[in-house]
Amino acid sequence: MKNYVLKYNSPAEYSENGWQNEVLPIGNGMLGMCVFGKVGEEHLQFNEKTLWTGGPSKSRKDYMGGNVENSFEYLEKIRDALCRGDKKAVLKFKDKLVGIKDGYGAYQNFGEIVLRFPHSDFSDYERQLDITNSVCTVKYKSGGVLFTRECFASHNPSIIAEKITADKNGALNTEISFLPAHDTDNIKVQDNSLILYGKLSDNDLAYYARLCVTTDGETVKGDGKLGIKDASYLVFALSAGTNYKNEYPNYRGELPEGKVNSAIEEFLKKGYDEVKKDAIAEYKSLFDRFSFEITNFTSAEYTDKLLSSYRENPDSKDGRYLEELLCQYGRYLLISSSAENDELPANLQGVWNNSNSPAWSCDYHLNVNLQMCYWHAYVTGLFGTAKPMIRYMESLREPGRVTARCYHNIVSDEKNPENGWVCHTQNTPFGWTCPGWDFYWGWSPAASSWMMQNCFDYYAFTEDTDYLRSDIYPMMKENAVFWLQNLVYNKEQDRYVSSPSFSPEHGPISIGNTYEQTLIWQLFTDTEKAAKVLGDDDFAAELEKVRVKLNPITKGRWGQIKEWYEEDEWYKSLRFRKLKYKLHSCQNRHRHASHLLGLYPGNAITDKTPELIEACKVSLLDRGFGQKSGANGSGWGKANKVNLWARAKDGERAYSMLRELINKNIAPNLWDFHPPYQMDGNCGYTSGVCEMLCYSSDDVIELLPALPKEWKNGSVKGICARGGYSLDFTWENGEVKSLSVHSSCGKKTARVKTGGEIKTVETVG
């Protein structure tokens with residue numbers, strides 16, 4: 001595998017703009033750090049994934065995740081109003097199907113490490129992030145001395161460490177301190193450590209960080225700071241934590257001092273070099289599982305210049321290398337922000353956040369964003385990174401039963417303790433499962449069902465029956481139980497429908513829109529499969545009876561996939577202008593493509609329904625393509641369209657949208673911006689590349705289903721497929737030339753489609 005490196009010849013600007021566009025991120029899943037690389041005064045902004053405001057607290061003794069009791073009374077009223085076509089009543093009652101904002105909270109900045117150096121003049125500067133080894137370095141010369149800073153993140157022990165060296169004995173002098181992020185911060189010096197601790201004023205969540213320094217120079221203790229004099233090197237290790245525990249309803253565990261100090265002591269015992277060696281080996285055991293190459297060229301260009309050159313001439317060798325680099329960068333970000341044993345999954349920004357009031361609270365959005373962050377986990381062999389996401393969804397079952405009771409009158413009790421759970425658009429680590437405080441973006445009971453597809457895909461790609469039985473199937477089944485009780489039979493449409501339904505994130509409010517019907521269909525389809533694997537045949541049969549009456553996807557009069565079942569002449573105008581509909585604004589070229597989930601990531605639309613694939617193309621063109629999608633379109637929205645066009649087997653349009661994403665929504669540090677920065681676009685880019693190279697279903701694996709002409713030659717290793725397979729293959733002039741198929745579950749053969757022909761291929765290894 002090539003060595004993939006982001007590199008720059010100048011520091012990041014110490015500003016909001018610099019953090020969004022220029023910093024270099026490292027992380028071990030729970031801890032994250034952003035490196036500016038400044039010379040005279042360096043700032044290392046850091047995070048720990050459980051530091052959140054919101055949730056239960058002394059000031060919110062009656063906290064119940066934003067739920068409002070007896071809201072189901074208005075659910076019945078709005079359903080009745082929709083059936084009668086009473087738009088005024090719908091508008092009146094929709095505002096009763098919302099949650100309470102108080103206690104929602106936000107992901108927090110933990111603080112910054114500040115290092116001050118007497119270096120005003122410098123030369124030969126270079127800052128780089130080696131994502132093949134997960135090591136970040138800064139080098140420069142000052143006063144004739146070469147200074148090198150190297151940092152990495154480790155899981156075991158859970159620390160971020162940095163080593164600073166000078167190539168002249170006694171030339172290293174610096175001062176180290178914490179820059180507080182909260183008014184409750186306390187800082188003390190203890191031995192050779194700086195300690196930052198306190199409790200968040202909002203919820204009394206206890207936090208604790210320790211930075212321990214070792215050096216061959218003199219250590220001078222000051223007021224909240226450490227001075228290092230006449231050294232040739234110094235090493236520091238940072239660990240941090242809180243007393244958060246993802247356990248309903250209190251969400252509190254042991255105080256963090258013990259685990260933080262244990263991590264520091266283990267680091268000191270092992271030493272920098274050994275911990276670094278182990279950390280790199282563990283990282284590479286994940287990163288090296290997958291490779292994607294469309295050129296044998298490795299660019300020596302600085303990354304910001306590489307990006308600007310791509311926008312002028314994407315068809316160069318540098319351009320091909322950048323496309324590879326971005327594919328691997330999405331994997332780097334997920335590995336660094338979602339480790340197998342983490343307390344929480346990656347959030348909107350992975351694990352990196354410099355604000356105490358970040359956009360969208362830097363939360364868990366379930367109407368595409370969290371799903372997209374994990375789309376590439378299975379297909380590129382990062383199965384362990386998905387387990388925090390699966391555990392997080394399991395943790396929402398208990399508070400989700402409260403939401404089911406409050407808004408749907410579906411009650412779990414001692415006689416029937418698992419009678420249905422649900423959650424909506426946005427969530428926090430404190431069991432926030434209610435609708436948001438605005439119906440138009442907050443109401444989305446099918447969001448939980450969409451996440452069940454992410455969870456079931458773990459089994460689809462691994463065929464790990466034990467894990468399916470113990471961790472995945474119970475929550476899928478209970479979510480399906482919720483829908484069996486919540487669906488309404490509509491005589492006029494002759495189908496079971498969700499009501500009210502809303503298509504993220506534009507309307508109207510309707511009955512049984514394509515978004516929700518498709519997700520419920522997918523949930524029932526996947527749960528049926530799981531039930532049959534596990535011998536729960538009676539429940540599988542119960543689901544099938546309802547599933548066949550969902551009728552989730554229909555074509556419209558101008559050949560599109562209908563987003564709303566009752567679309568009429570009024571929607572035709574949406575193709576040309578924005579129409580203010582009485583129940584909400586319906587927006588042409590909207591960034592969401594919620595009605596196309598049956599194409600991707602679902603499987604309601606496949607080769608077996610070619611007429612629906614063509615209808616998806618019509619809808620995608622209507623949503624906006626290429627330059628028509630708008631220079632200000634969201635990064636994740638464009639990444640989503642890459643995946644959709646790939647699944648529609650239109651490689652040229654998938655690639656054109658991929659270029660649009662790079663040209664308009666990738667920052668110099670390669671972070672995707674919505675704006676602001678969100679990790680989903682990076683991860684969606686990676687999954688889009690994989691969808692262009694390989695499609696897998698229950699019974700066939702198709703190679704190069706959406707290969708653009710620009711990638712006529714290439715190779716991929718370790719791309720994974722449903723059924724427990726991984727594949728290595730090469731292609732020339734768009735044709736597969738070599739292929740090896742491996743099975744993780746003892747299968748001897750696989751059905752593989754290449755060049756329009758399906759062949760049975762023997763597995764190896």
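Analyst: Start with confidence. The protein has a mean pLDDT of 95, and 96% of its residues reach 70 or more. pLDDT is the predictor's confidence in each residue, from 0 to 100. Residues 572-585 have a pLDDT below 50, and beyond near neighbours in sequence this stretch has 36 contacts in the model. Residues 626-631 are also below 50, with 12 such contacts. Contact means heavy atoms within 4.5 Å. This is a predicted model, where local features need pLDDT of at least 70 and side-chain atom pairs count only at pLDDT 80 or more, while totals for chains, interfaces and linings use all residues. Residues are numbered from 1 along each chain as its sequence is written, and side-chain values use heavy atoms, with hydrogens and water left out.

User: What makes α7 roughly perpendicular to α20?

Analyst: The angle. Helix α7 (residues 317-337) and helix α20 (residues 651-665) pack at about 85°, with axes 12 Å apart. Angles under 35 degrees count as roughly parallel, over 145 as roughly antiparallel, 65 to 115 as roughly perpendicular and the rest as oblique. So α7 is roughly perpendicular to α20. Axes are lines fitted to C-alpha atoms, for helices over the stretch in contact, and angles run from 0 to 180 degrees between N-to-C directions. Helices are DSSP runs (H or I, at least four residues), as are strands (E, at least two), numbered from the N terminus.

User: Which residues of α7 and α20 meet?

Analyst: From α7 come R320, L322, E323 and L326; from α20 come Y655, L658, R659 and I662. By class, this contact has five nonpolar, no polar and three charged residues. Ala, Val, Leu, Ile, Met, Phe, Trp, Tyr, Cys and Pro count as nonpolar, Asp, Glu, Lys and Arg as charged, and the others, Gly among them, as polar.

User: Why is α20 called roughly antiparallel to α21?

Analyst: α20 and helix α21 (residues 680-693) pack at an angle of about 160°, with axes 11 Å apart. That angle makes α20 roughly antiparallel to α21. The crossing is left-handed. A crossing is left-handed if the near helix is turned anticlockwise from the far one by less than a right angle, and right-handed if clockwise. G651, A654, Y655, L658, L661 and I662 of α20 meet G681, Y685, V689 and M692 of α21. These residues divide into eight nonpolar, two polar and no charged.

User: What makes α10 oblique to α13?

Analyst: The axes of helix α10 (residues 387-395) and helix α13 (residues 447-462) come within 10 Å and cross at roughly 130°. Therefore α10 is oblique to α13. α10 passes α13 in a left-handed crossing. K387, M389, I390 and M393 of α10 make the contact with M451, M452, N454, C455 and Y458 of α13.

User: How do you know whether F524 is buried or exposed?

Analyst: By its relative accessible area, which is 0%. Buried means under 20%, exposed over 50%, partly exposed in between (1.4 Å probe, protein chains only). So F524 is buried. F524 is in helix α15 (residues 514-534). Not counting residues up to four places away in sequence, F524 touches A480, W483, L484, L487, L543, V546, R547 and L550.

User: And why does S337 count as buried?

Analyst: S337 has 0% relative accessibility, so the label is buried. S337 lies in helix α7. Leaving aside neighbours within four places in sequence, its contacts include G29, K49, D342 and M679.

User: Which omega values go with the cis bonds at P500 and P601?

Analyst: From S499 to P500 the peptide bond is cis, with omega near -5°. From Y600 to P601 it is cis, with omega near 5°. P500 sits in the loop between β21 (495-497) and β22 (501-503). P601 sits in the loop between β25 (584-586) and α18 (610-623).
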